[in-house]
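Here is a short walk through one protein model. Keep the 3D view open and follow along, stop by stop.

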Amino acid sequence: MFTSARFKLTAWYLVIIMAISLCFSVVIYYILSSELDHSFAVIYQRYEIRRELLPPDLRPPVLESTPLDAAKDHIKLNLLYIDLFILAASATAGYFLAGRTLRPIQRMLDEQNRFVADASHELRTPLTALRTGIEVNLRDEELTLNQAKGVLRDNLEEVESLQSLSDNLLVLANGKDIKGELDLGQVFLPKIFQEAIDRVSPLAIGKGIKIESKIAEVSLEADQEKIIRLVIILLDNAIKYSNKDSLISVVGETIDHAHKVKIEIQDFGIGIAEKDLPFIFDRFYRTSKSRSKEGGYGLGLSIAKQIVDLHQGSIEVKSQVGKGTTFIVKLPLFPSRLNFNLGSLMS
Ligand code: ADP
């Protein structure tokens, strides 16, 4: 598809360049030939005057216009060569430029295709499990009401997990939610953490996990909803990948002479192997250990990274298998001023 688009684009470049080049050639030809005609007319006149002055038997022959026609043909031929050269050069350059023009579009399309393929794969697995479960239970004629309720409960869990997957997919695919403009406002850090902890506490309580937090009373300029989402993703992971009855520690403080805020979320769970660390922010990436654990489609951290990037911050991770993981997020207190400074530097 891209090869044919590349050829088409090259052809369009050629049509435009050749149209311009041919117009120029015609104009140049007419200018030169009229100049030649004019010069020839002047020379012819002078020649005739001098010739008339000579006695008839000494007069040279009448001046012929054959060399003039030959000169015009010569110009035509040269212009044709130039046009042929322009055709060959612009075909090569056009083909190269068309490739360069289409490359970002091709990359975007590849990325989109990969996203659709990954998303379909992720949706297919739980849907197949759900379907098989329902079919098996429907065939079971001795299924009691209690058992049926148990099956429905399991199904509900699967459906809830699918719903969260589709929500995350929408966020990533739609782009609006994450990539769109930031809705910046003054955000009070303790309030953010309170909201995020409230949202995840049913999960923590379910596993007997205690969340200890020490948050500085500081406000930052940020998109409140997105920052809450970011903290929820990190806390949700910390709970998911922690053992029962363990501890999660959350710290929020200012750093860099109060120009940034640092958020640290530390758990004492399964940890992440060093070989997995470079990939955990990739879409759909899950470590082999987490696959056997509850939930998770490998989208949370890629959304978290996008949110941090949008706020011009950074996110890093330190982890040791079997000991635990710490995510460190650094966010500028005033991202809009960073933009302003950058803008004034560039202008
Ligand atoms: P998921 O929904 O699978 O948790 P994420 O994108 O949030 O997807 O995380 C990607 C992978 O990174 C997880 O599958 C898991 O293997 C690993 N991971 C993330 N957070 C932690 C953590 N706190 N402890 C251990 N592993 C983690």
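At 33% relative accessibility, glutamate 135 counts as partly exposed. The model is predicted, and this residue is our way in. The side chain of glutamate 135 meets that of arginine 131 in a salt bridge, at 3.0 Å from N to O. Arginine 131 is exposed, with a relative accessible area of 57%. Both residues sit in helix α2, four residues apart, so about one helical turn separates them. Side chains of opposite charge can pair when their charged atoms come close.

Stay on helix α2, which covers residues 66-139, and go to lysine 72. Is lysine 72 buried or exposed? Its relative accessible area is 15%, and because the cut-off for buried is under 20%, lysine 72 is buried. Which residues does lysine 72 touch, leaving aside those up to four places away in sequence? They are Tyr29, Ser33, Leu36 and Asp37.

Next comes helix α5, residues 189-206. This helix has 18 residues. From its first C-alpha to its last it reaches 26 Å, close to the 26 Å expected at 1.5 Å a residue. Even so, α5 bends by about 50 degrees at valine 200. A proline, proline 202, follows within four residues. Valine 200 is also one of the buried residues of α5. What covers them? The cover includes the strands β1 (185-188), β2 (210-215), β3 (219-222), β4 (247-255) and β5 (260-267), along with helix α6 (224-240). After α5 comes glycine 208, whose phi is positive, near 65 degrees.

Now look at α6 for another charged pair. Aspartate 236 forms a salt bridge with lysine 240, and their closest N and O atoms are 3.7 Å apart. These two are four residues apart in helix α6, so the separation is again about one helical turn. Aspartate 236 is partly exposed, at 23% relative accessible area. Lysine 240 is buried, at 13%.

Helix α8, residues 300-310, holds lysine 305 and aspartate 309, four residues apart and so separated by about one helical turn. They form a salt bridge too, with the closest N and O atoms 3.0 Å apart. Lysine 305 is partly exposed, with a relative accessible area of 29%. Aspartate 309 is partly exposed as well, at 41%.

One last stop involves three residues. Glu253, Lys262 and Glu264 are linked in a network of salt bridges. How many salt bridges does the structure hold? The count is 11.

Definitions and conventions. Residues numbered from 1 in each chain as written. Predicted model: local features only at pLDDT ≥ 70, side-chain atom pairs only at ≥ 80, totals over all residues. Heavy atoms only, no water. Buried < 20%, exposed > 50% of the residue type's maximum accessible area, 1.4 Å probe, protein only. Contact = heavy atoms within 4.5 Å. Expected span 1.5 Å × (residues − 1). Bend = angle between axes of the 7 residues up to and from the residue. Salt bridge = Lys/Arg side-chain N within 4 Å of Asp/Glu carboxyl O.
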